[in-house]
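Welcome, and please open the structure in your viewer. We will go from one selection to the next, with a short note on what is there at each stop.

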Amino acid sequence: ERARDAAEAPREAVTRDGRRVVVGANVGSVADARAAATAGADGAGLVRTEILFLDRDRPPTAEEQEREYLAVLDAFAGRPVTIRTLDVGGDKPLRYLPQPPEANPFLGVRGVRLSLTRPDLLRTQLAAVCRAAARGPVRVMVPMVSVVEEVLAVRRLLTEAAAPGPVPAGLRVGVMVEVPAVALNVEAFLPHVDFLSIGTNDLTQYTLAAERGHPALAALADPLDPAVLRLVGETASRAAGRATVSVCGEVAADPLAVPVLVGLGVQELSVAPSAVAGTKAAVRRLDSGACVELARRCLAATGAAEVRALVRAAQDAPP
Ligand code: PEP
Ligand code: MG
């Protein structure tokens, strides 16, 4: 079955009733990008650029970044590449970006909040992204957004970074939905974004108030909690027809989650390179109408355990 999934992976993933679901990859390096392209990914739904910035005394130059982004684009040979701007903070400190200690780094100056304290660094990164966008379809994605002002500030820096030219016409701009406020207030963001990418790893930690990776809270921090699913569904339904909605958190590769996410209206999934073939195969087994009905029942579930039971029962039922 695995061999068959791998052989089929380069083809588009379409449900039995004809709904296309784009399955991209989460990558952190050029090597990852090559592995993902070989595995049949429909582009990169998330390029984590942190690796370029960590463990060094100075930030990477625009030229260094441009080289890296072009190499990722080349690996995907014309398929879209979503470059996330620097996403670090108190939990991942950088030598050239000293931060005062924080009692709650996950609620502190991280992601776009940190980038906006150093507009010079963000402008340099955006300049590299603009240059790379001349080579192929690039999307730029902003992490840890909570309010519209942050998007507007990044858009202003993008305009400055592209100068003296215009922002490349093909460059799409989007935000990650990781903070519940964005999902709850999504209408306010829609005029300013081309896409929304739901980062369920962080969205779950902020929705359940349970630190991600905390060994004692793993059961609590469940992305299939109906509260998280409701935020995903709100985001997808309100954005429908106005912005592309994807999920790039780890749950996107969970075969039990895929039918629910598709049923909630998610159009794209982005998963680890090793999960691309399996996720595409999971999509091909689905009927999108049945997924909508399943998602409706999951939203009414009392907890993540019941969500899983509902999905399993639907999978066992004769098609
Ligand atoms: C997320 O938060 O779901 C996400 C994809 O970003 P990261 O795991 O890099 O925080
Ligand atoms: Mg995140």
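Begin by selecting strand S3 (44–48) and helix H10 (200–208): each of them supplies at least two residues of the shell around ligand 1 in this predicted model. Which element gives the largest share of that shell? Helix H10 does, with 3 residues.

Now show the side chains of the whole shell. The residues around ligand 1 are Leu 46, Arg 48, Asp 87, Glu 178, Gly 199, Thr 200, Asn 201, Asp 202, Cys 248 and Gly 249.

Next, select helix H2 (residues 30–38) together with helix H4 (residues 62–76). Their axes lie 8 Å apart, and the two helices pack at an angle of about 10°. H2 and H4 are therefore roughly parallel to each other. To see where they touch, pick Val 30, Ala 33, Arg 34 and Ala 37 in H2, which meet Glu 68, Ala 71, Val 72, Ala 75 and Phe 76 in H4. This contact of H2 with H4 is made of 7 nonpolar and 2 charged residues, with no polar ones.

Finally, zoom out to the whole protein. You can find 15 helices and 9 strands in it. The C-alpha trace spans about 60 × 45 × 35 Å along its principal axes. The radius of gyration is 19 Å, which agrees with a compact globule, because one with 319 residues would have a value near 20 Å. Of the 319 residues, 49% count as buried. Among contacts between residues at least 6 apart in sequence, 70% join residues at least 24 apart.

Technical notes. Residues numbered from 1 in each chain as written. Chains lettered and ligands numbered in written order. Predicted model: local features only at pLDDT ≥ 70, side-chain atom pairs only at ≥ 80, totals over all residues. Near = placed C-beta within 6 Å. Helix = DSSP H or I, 4+ residues; strand = E, 2+ residues; numbered from the N terminus. Rg over C-alpha atoms; globule rule 2.2 N^0.38 Å. Buried ≥ 20, exposed ≤ 12 C-beta atoms within 10 Å, placed from the backbone. Contact = placed C-beta atoms within 7 Å. Axes fitted to C-alpha atoms, helices over the stretch in contact; angles between N-to-C directions. Parallel < 35°, antiparallel > 145°, perpendicular 65-115°, else oblique. Nonpolar A, V, L, I, M, F, W, Y, C, P; charged D, E, K, R; others polar.
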